[in-house]
Amino acid sequence: MKPRQSLQSLRQRVVMPRLHRPDWWLLLATATLAGLGVVMVFNASYFFAQYRYEDPLLFFRKHVMALIWGTVALVGVSRVRLQWFERLALPFAAGVAVALVLTLIPGLGVVRGGARRWLALGPLGFQPSELAKIAVVLFLARTLSMRRESLQGLVAGLLPPLLSVGACVLLIVAQPDFGTAAIIIMVLGLMLFGAGARATHLVGLVLLAVPPVIYAVVYAPYRLRRVLAFLDPWKYSQDIAFQLVQSLIAFGSGGLTGVGLGESQQKMFFLPEAHTDFIFALVGEELGVLGAIGVLGLFALLGVRGFRIALRHPDPFGSLLAFGLTLVILLEAIVNVGVVVGLLPTKGLALPFLSYGGTALVCTMIEIGILTALSRMTG
């Protein structure tokens, strides 16, 4: 076979034939959020980058580059056949598990901010825990779609996916990255429920997990202080709750319509690193309550379209895959917003599309790419 014929044959096996149009509402919500993210990252990081690195466009350039790579990945993934997602689920999960282990090895894993979450590949670095979200959803979608009849049983049905995903969660906790671990645990529970597991079994497992969680909070002083700061942030306003208090001040300053794009005062070193986890506070200050509601509305639209794809997909694997990926994006957004407005204890989770990020942004765009591919199969 000639090389050109071989490449054409491979493309026919991997790339889906022309089916339905992609879900344009999903892509519109994604494009709007990503575009707003570019504006807000530039807006939030300009002064900080100038002060810390003497390069005001440092974070902006990196964010735009990540968005370009993410867009390329989205377009490529959106053309892949469903069968290939299913075939690659286990090898991809195994590769991510190896990367998580390598992250914990001194000399290979890169420590930033007291956490060992990055792997360095020459001048580039990435977070395996971000890839783990996609890997876990692919693994669960494949496993649960093949074991639907046995999910009613606790040992035969629930134990295998619980042990597999639990091992991944432990590796992420060891970094430590409790925010990502919490997202994966929530996705695990909801995907098990969506696949047909008994609610009584899941509730029982949650109750069994409560004592270890309480012990983990009490045992680590910094976690206990975070909980105390969450319960009474103003008492710790100059200490561990400083960022939360400044976030609440930002929302209070914004009012209904905001102080105007680019006019934030909190980004002037009052709100530490506003371009990352607390960028939603900047949205509230500059665009007001109406702007914040608009952002939440875009996430709601994204969620509705994602769940629609899950409900309409004819294949059990594809349906669970769309359900899980939509959950990942929505849960990250819900947790981030909950932290920023003081409804949840502080956790280090980015707001999808809007927060500055490299691996996180690229992975979120890949998730949208997979959802787009699945939408082309549903019409």
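The legends below describe close-up views of a predicted model. Residues are numbered from 1 along each chain as its sequence is written, and side-chain values use heavy atoms, with hydrogens and water left out. In this predicted model, local features need pLDDT of at least 70 and side-chain atom pairs count only at pLDDT 80 or more, whereas totals for chains, interfaces and linings use all residues.

**View 1. A nonpolar surface patch involves helix 8 and helix 9.** Val 203, Val 206, Leu 207, Val 210, Ile 214, Val 218, Leu 224, Leu 228 and Leu 231 make a patch of about 800 Å². Patches consist of residues with over 30% relative accessible area and no salt bridge, like charges being joined within 9 Å and nonpolar side chains (Val, Leu, Ile, Met, Phe, Trp, Tyr) within 5 Å. Areas are computed by the Shrake-Rupley method with a 1.4 Å probe, and for residues only the protein chains shown count as cover. Helix 8 (199–219) and helix 9 (221–231) each give at least two residues, and the largest share, six residues, is from helix 8. Helices are DSSP runs (H or I, at least four residues) numbered from the N terminus. Val 210, in helix 8, has a relative accessible area of 36% and is therefore partly exposed; the class lies between buried (under 20%) and exposed (over 50%), with a 1.4 Å probe and protein chains only.

**View 2. A salt bridge joins Arg 305 and Asp 23.** The N to O distance is 3.0 Å; a salt bridge requires a side-chain nitrogen of Lys or Arg within 4 Å of a carboxyl oxygen of Asp or Glu. Arg 305 belongs to helix 11 (residues 279–312) and Asp 23 to the loop between helix 1 (3–14) and helix 2 (24–53), so that the pair links distant parts of the chain, 282 residues apart. Arg 305 and Asp 23 are both buried. The whole structure holds four salt bridges.

**View 3. Glu 130, Lys 133 and Glu 332 form a network of salt bridges.** The closest N and O atoms of Lys 133 and Glu 130 are 3.0 Å apart. Because Lys 133 and Glu 130 are three residues apart in helix 5 (residues 128–146), about one helical turn separates them. Both Lys 133 and Glu 130 are buried.

**View 4. The second largest pocket holds about 1,400 Å³ of space.** Among its 35 lining residues, Ala 181, Ala 182, Ile 185, Ala 209 and Val 213 are the closest to the centre. On a 1 Å grid over the protein atoms alone, a pocket is an open set of points with protein on both sides within 12 Å along at least five of seven lines, and lining residues have an atom within 4 Å of a point. Points are joined across faces, edges and corners, and the volume is the space filled by probe spheres set on them. Helix 8 supplies the largest share of the lining, ten residues. The lining comprises 28 nonpolar, four polar and three charged residues; Ala, Val, Leu, Ile, Met, Phe, Trp, Tyr, Cys and Pro count as nonpolar, Asp, Glu, Lys and Arg as charged, and the others, Gly among them, as polar.

**View 5. Backbone details occur at Pro 176, Glu 54 and Phe 353.** Gln 175 and Pro 176 are joined by a cis peptide bond, with omega about -5 degrees. Glu 54, not a glycine, has a positive phi of about 55 degrees and is exposed at 68% relative accessibility. Phe 353, also not a glycine, has a positive phi of about 75 degrees and is buried, with a relative accessible area of 2%.

Terms used:
1 Å grid on protein atoms, 1.4 Å probe; cavity = no way out; pocket = protein on both sides within 12 Å on 5 of 7 lines; lining within 4 Å.
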